[in-house]
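Please study the sequence and the structure before reading on.

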Amino acid sequence: MSENPLLEGLRLRRTPEPCALVIFGASGDLTQRKLFPALYSLAFRRLLPESFGIVGVARTEQTTKEWAAAMKKAVQEHGRDPFKQDVWSALAESMTYVATDFADDHGEDEVLEVLRSFDADRGTSGNRVYYLAVPPAAFETIVNELGERRGDDGWTRLIVEKPFGHDAASADELNRILQQWFREDEVFRIDHYLGKETVQNMLALRFANGIFEPIWNRQFIDHVQITVAESIGVEGRAGFYESAGAVRDIFQNHLLQLIALTAMEPPIDFTADSVRNEKVKVLRSLHTPGPKSVVRGQYGRGFVEGEEVPGYRNEPDVAAESTTETFVAAKLYVDNWRWADTPFYVRAGKRLARRETTIAIQFQRAPHPPFAEIAGDGLRPNVLLIHVQPDEGVSLAIGAKVPGQGMSIRTVHMDFLYGGAFRTGLPEAYERLILDAMLGDATLFTRADEVDEQWELVDSIVAAWRRDRPNFPNYEAGTWGPRSADELIHRDGRSWRRH
């Protein structure tokens with residue numbers, strides 16, 4: 001096979017300094033489905049440090065050998081790369097498991113002893129990455145234990161999974177606990193959406209191409225639509241979802257981060273603080289939507305991909321009269337010079353028609369279209385459509401003449417697909433994020449002030465919801481949400497895209 005010229009530069013490797021990775025919650029679902037497949041892919045590409053060790057910490061009573069066998073099975077089931085025994089064997093040699101309750105002083109001492117042995121035997125130099133893949137209730141205990149036992153040798157980095165708090169007050173308290181022991185540049189709040197290649201490509205698309213920035217504003221863009229749709233239900237996470245809902249599970253983090261990346265000003269450079277400074281400005285500029293500009297919904301029974309599925313209230317461990325929202329849509333405004341009066345329509349939900357995450361930038365119609373009469377409904381406004389998942393790529397809708405006699409105009413699409421252009425599998429988000437944390441690069445992680453701004457907006461929305469009891473369920477599984485979501489955008493003479 002001939003060499004693909006578009007792969008030029010992709011083989012540049014960033015290798016972290018020697019370090020040890022400690023995973024709290026090492027027997028959990030996240031570790032098996034995401035973290036170890038990501039670590040295997042990094043090992044497969046020789047991106048892990050040569051001096052490296054992994055400590056798994058969890059309550060489950062098992063030996064290191066048993067844990068390693070479970071992780072091997074997880075890599076074989078969920079990994080994106082072909083399984084090679086020599087790659088796995090090298091990774092497995094670096095693994096040690098400690099069974100302990102997170103609040104057990106003896107267990108924490110055992111973890112510390114393992115890390116010291118890694119320093120002596122594997123040359124990890126006192127450098128630590130702690131990954132908290134545990135429920136939020138365990139954060140405080142673990143953080144305090146780590147802080148009290150923190151050594152003076154090497155550097156320390158702490159990766160914290162979402163949800164980061166339940167509201168602004170709890171997020172502030174969690175930040176207070178973290179800042180008692182760790183500096184802000186040592187805390188890596190993970191939002192895996194920011195690790196997706198297409199989300200990162202938003203920055204490249206805007207700031208590496210001279211044709212987009214001059215028209216990336218209210219004068220040329222009519223509106224923006226962002227959709228985060230899932231076809232699955234709560235998938236056994238009812239305990240968490242009942243207290244979170246779509247507004248805390250998706251809107252507070254993923255959706256608001258996508259808005260920030262879409263609307264941000266060009267950073268002075270691509271360092272972590274420069275990028276995050278611009279995102280914070282967007283989040284601070286978001287206008288709190290009124291009750292008529294926010295819609296919530298909950299799915300009832302219906303059909304998804306031809307299979308009948310139960311309503312949310314019939315899912316295991318869900319209250320019979322639950323008022324937890326599984327869908328949220330809103331019309332938001334970024335109150336700054338670039339975006340004033342340009343609506344951002346966003347929606348997110350479960351049990352929708354299909355799984356997709358897209359950002360649609362719809363441009364203004366041509367001011368004097370000479371082809372309006374002959375084009376009819378076939379000519380639509382230009383749209384730049386960014387596919388985040390599942391088919392990563394970018395599409396630009398333009399008007400073109402249909403071949404043949406006469407002047408017939410129709411909308412066509414110019415498509416760029418990652419798989420076709422680079423002929424290589426896209427890395428999973430956790431691969432990039434784990435590697436960046438080891439390197440100390442916080443660009444794709446959320447800073448404390450970003451979290452504060454996100455929760456402030458969400459808290460104001462939730463406060464308005466407390467005043468009334470919703471009439472749930474209000475949309476069938478397998479559809480695109482409640483009718484009121486369509487009315488939200490139809491009132492402005494627009495409609496949701498059906499991709």
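In helix 8, Val247, Arg248, Phe251, Gln252, Asn253, Leu256 and Gln257 meet Glu450, Val451, Gln454, Trp455, Leu457, Val458, Ile461, Val462 and Trp465 of helix 13; contact means heavy atoms within 4.5 Å. By class, this contact of helix 8 with helix 13 has 10 nonpolar, four polar and two charged residues. Ala, Val, Leu, Ile, Met, Phe, Trp, Tyr, Cys and Pro count as nonpolar, Asp, Glu, Lys and Arg as charged, and the others, Gly among them, as polar.

The model is predicted: local features need pLDDT of at least 70, side-chain atom pairs count only at pLDDT 80 or more, and totals for chains, interfaces and linings use all residues. Residues are numbered from 1 along each chain as its sequence is written, and side-chain values use heavy atoms, with hydrogens and water left out.

The elements named here are DSSP runs numbered from the N terminus (helices: H or I, at least four residues; strands: E, at least two).

| Element | Residues |
|---|---|
| Helix 8 | 238-263 |
| Helix 13 | 448-465 |
| Strand 5 | 156-160 |

The axes of helix 8 and helix 13 come within 10 Å and cross at roughly 135°. Helix 8 is therefore oblique to helix 13; angles under 35 degrees count as roughly parallel, over 145 as roughly antiparallel, 65 to 115 as roughly perpendicular and the rest as oblique.

Threonine 156 lies in strand 5 and is buried, with a relative accessible area of 7%. Buried means under 20% relative accessible area, exposed over 50%, and partly exposed in between (1.4 Å probe, protein chains only).

Technical notes. Axes fitted to C-alpha atoms, helices over the stretch in contact; angles between N-to-C directions.
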